[in-house]
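Visitor: Please show me the structure that we are to discuss, and then let us take it part by part.

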Amino acid sequence: MTTATRGAVGTAHTRVEGRDKVTGAARYAGEIPFADLAHGWLVLSTVARGRVRSVDTEAVLAMPGVLTVLHHHNAPRVTTDYVGLLGVPPDPTVALFQDDRVAHMGWPVALVVAETSEQAREAAEALVVHYDREPHDVAFSAERDTEAYPADGHMPAVVEKGDLEAGLAASAVVVDERYTTPEEHHNPMEPHAATARWEGGRLEVVDSNQGTNWVAGELAGLFSLDPASVRVRSEHVGGGFGSKGVRAHQVAAVMAATVLQRPVRVVMTRRQMFSLAGYRSPTAQRVRLGADPDGRLRVLEHRSLNLTSAVYEFVEPSAAAGRSMYAADAHHTASRVVRLDVPSPTWMRAPGEAPGSFALESALDELAERLGIDPIELRVRNEPSVGPVSGLPFGSRNLIACFREGARRFGWAERDPRPGVRRDGRWLLGTGTAAGSFPTTAMPSTAAVTAEADGTFTVRINAADIGTGARTALTLVAADALEVSTDRVRVHIGDSDLGPAIIAGGSMGTRSWSWAVTAAADELRRSLVPGADIPPEGITARSNTAEAVGALAQKERHAFGAQFAEVAVDPATGEVRVRRMLGVFAAGRIVNPLTARNQLVGGMIWGLSMALHEEAVRDRSTGGLYGADLAGYHVAAHADVPPIEADWVDDPDPDDPVGIKGIGEVGIVGAAAAVANAVWHATGVRHRSLPIRPDRVLSAGGDA
Amino acid sequence: MPPSTSSELTLSVNGEKYTLTVDHRTTLLDALRERLDLTGTKKGCDQGQCGACTVLVDGRRSVSCLQLAVAAEGREITTIEGVASGDRLHPVQQAFLDLDGFQCGYCTPGQICSAIAVIEEHAAGWPSAATGDVRPEAGPPALTPEEIRERMSGNLCRCGAYVSIVQAVARAAESEGAAA
């Protein structure tokens, strides 16, 4: 070993692949050249429910360049009878072309493969599919709760403590309100893309995903293959946000590559992503808070309804958001689902917490208003010392420290609490705040670190960098663990042959991977003899964190944040403009301040976008979406985004080798509520349905 | 004889001439990516809504998904692969790198090509919807963050790197102004 160096972690570092990304050299999944490549184009159903009666393949097969049309009569068979890496069976939506059933609008019914993408596209659009239509039901609303049922997802569905009715009766003030959030879509900038081929008896897939051994495992399960015979690579990924697991495109590409015995690429169109890539369910939520005159909560009740498809149960656990936030004698939370003829929803950045925090943190603001207590002070008074429901100790919390620091920087102390009294020309001005949290988790991963003969180190960890900066963060972590400078460390990620590791998701990637890298680096340092020569093949140490991670004590483990927003509302047009936002987070040790700040701000922009813009509207008559594209579904653009700052308080996780918690999701949590609370402060009108569209502001009488 | 569905044409990209035969349906974007292996130009929506495919056509920014390759003959096309001077990054690229003006990187080539044109459009005195006084005698507006945001709004970034992108464009504009 050479001169001891520490301190890479915590120091700003530009992305190690940054030069490739700004020069266009970084190749994403659909950009790796293959000889003899064929192009597949998915054909999606034009009915929302029914049966495929027939597929008129003859005319299409005669079109120039068309190689095959796969559909439920001729596609390779797959099975969904397995459990994947995340411990759940697959969404049957990915078992393409297995029967004649159509379970939602935009259901994959065929794949046309041709020599060029132009030929495949035209043939796919020319393919006539006949259906036997059946009546569909896509209408989601709070009234559907009568048909809903409680369902455990990645959180228990129902958690109840204490006597609700007695608590409400004893409360001096009760807030009882209903909130809704719309269907929201991930829309990573890079559409899902995969190229599959058989090479030397192995299935190779170049894909855009959040975990290559996750997707490899799913493909092995679906196609009944030996997992060792499947290799999935995913070097650069153009965003994921929960949508990039196993999806129709990989399965279709594998089927076609198997049938044609040549490489086949399948890329989703932007419009296809709206029915194939998953989305966040709309929610209908009810929050009841009962409090003493001093603001202490006696009751916290949060009930949330979401939808799922007819073929797969996915729960958006919005009601779970409050279980770790506030203490109350009676604490009841329940998430329920209703099944409709829609595509399956899935994880989307801060599943549960994002919509749940909108309702809960809006309700807290309403309670503060009724009690005449400052919203931050209300949260201080309800700060729990242990898990409000679990009774477990917090790993660390520091939420109040976030509020104190945020309030100081935002200028909260000068705030006049009265709504609707500030003007700047035609604009009404207001400020709002909200809290947020997201669970922090470590999952077992493996890593290998090699000391090379030339004095450099090679780290192999099957991480995914979907824009998080994971590749760079792991370089810093490895450099510190090895006590060398970062330029002597090379990190290889995104290849299932690197061995098992957890996915980029649930804010657990960088923490879990860093743990494995640190463990392997420590092992390597122990095995290196100072001054001894390194053989040409290097010296490698490996790690598997399963045991260490499994030994973590049960605690309430979360990242926290305090969100602040200032808005301007034009009562004549109903337009809401966010003027500035500030987020202060307690989110563990920050590995790379440069990329972490960017990621946290990005999460806050998701919250802004959720508050004001994003809404997928389902047409009850067709069962599909209106305007399923980036014109019809607006995500915040440059002009929507004001100066936004994110910062953090010192909050290293004492039980993590590097002190990491995870920051991918906490940035969005509470951000929409802060904006909505600011709109109330500006106008005096509460908006309990997102997004806060101009028409909603106008019809609510925004000129208070 | 059926009518021809393809044509031979010569595209001028990043100062190089490429002669190829393309299906008439081929967009400039697909010709760049699939035929010339210039995959730096990205396909985000293929319908002119996201800006990921932005390139410079005769120096003006343009979404390459909404034009056919056959219509690009005779134009000088500059893609992300052609904006640096050898190993020296363009000031916009350098600023994006230094200030972390991206996350996943997929919208980045389009953002950078757009930003290069924004700086030139601004230097040429073009107003935007954010410009207060658009009379010619008012002179060019200052390239404020508001101006940059307005002018860059055709380029979506779902990761939400907008704050650092705006900083990067401002820094690049300053450094180019200083160099001019």
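**A residue, its domain and its partners**

Guide: A:L85 is partly exposed, since 19 other C-beta atoms lie within 10 Å; a residue is buried if 20 or more other C-beta atoms lie within 10 Å of its own, exposed if 12 or fewer, and partly exposed in between, with C-beta atoms placed from the backbone. This is a predicted model, in which local features need pLDDT of at least 70 and side-chain atom pairs count only at pLDDT 80 or more, while totals for chains, interfaces and linings use all residues. Residues are numbered from 1 along each chain as its sequence is written, and chains are lettered from A and ligands numbered from 1 in the order in which they are written.

Visitor: Which residues is A:L85 in contact with, leaving aside its neighbours within four places in sequence?

Guide: A:L85 lies in the loop between β3 (66–70) and β4 (101–102) of chain A, where strands (E, at least two residues) and helices (H or I, at least four) are DSSP runs numbered from the N terminus. Contact requires C-beta atoms, placed from the backbone, to lie within 7 Å. Beyond four places in sequence, the contacts of A:L85 are A:N213, A:W214 and A:G217.

Visitor: How far apart are the C-alpha centres of domain 2 and domain 3 of chain A?

Guide: Chain A is divided into domain 1 (18–27 + 443–550), domain 2 (34–134 + 189–239 + 244–276) and domain 3 (142–184 + 280–440 + 555–699); such bounds come from an automatic or database domain assignment. In the contact, 13 residues of domain 2 of chain A meet 15 residues of domain 3 of chain A. The C-alpha centres of these two domains are separated by 36 Å.

Visitor: Why is α11(A) described as roughly parallel to α12(A)?

Guide: The axes of α11 (residues 470–482) and α12 (residues 509–527) of chain A come within 9 Å and cross at roughly 30°. Axes are lines fitted to C-alpha atoms, for helices over the stretch in contact, and angles run from 0 to 180 degrees between N-to-C directions. Angles under 35 degrees count as roughly parallel, over 145 as roughly antiparallel, 65 to 115 as roughly perpendicular and the rest as oblique. The crossing angle therefore makes α11(A) and α12(A) roughly parallel.

Visitor: Which element gives the largest share of the side of chain A that touches chain B?

Guide: The contact involves 46 residues of chain A and 47 residues of chain B. On the side of chain A, the elements that give two or more residues are α1 (18–23), α3 (117–126) and α14 (593–612). The largest share, eight residues, is that of α14(A).

Visitor: Which strand supplies the largest share of the side of domain 1 of chain B that touches domain 2 of chain B?

Guide: Chain B is assigned domain 1 (6–82) and domain 2 (91–179), which contribute 14 and 12 residues respectively to their contact. On the side of domain 1 of chain B, β3 (54–57) and β4 (60–63) each supply at least two residues. The largest share, three residues, belongs to β3(B).

Visitor: Is B:S7 buried, exposed or partly exposed?

Guide: B:S7 is placed in strand β1 (residues 6–13) of chain B. Not counting residues up to four places away in sequence, B:S7 touches B:T21, B:V22, B:H24 and B:V70. Because 14 other C-beta atoms lie within 10 Å, B:S7 is partly exposed.

Note on methods. Contact = placed C-beta atoms within 7 Å.
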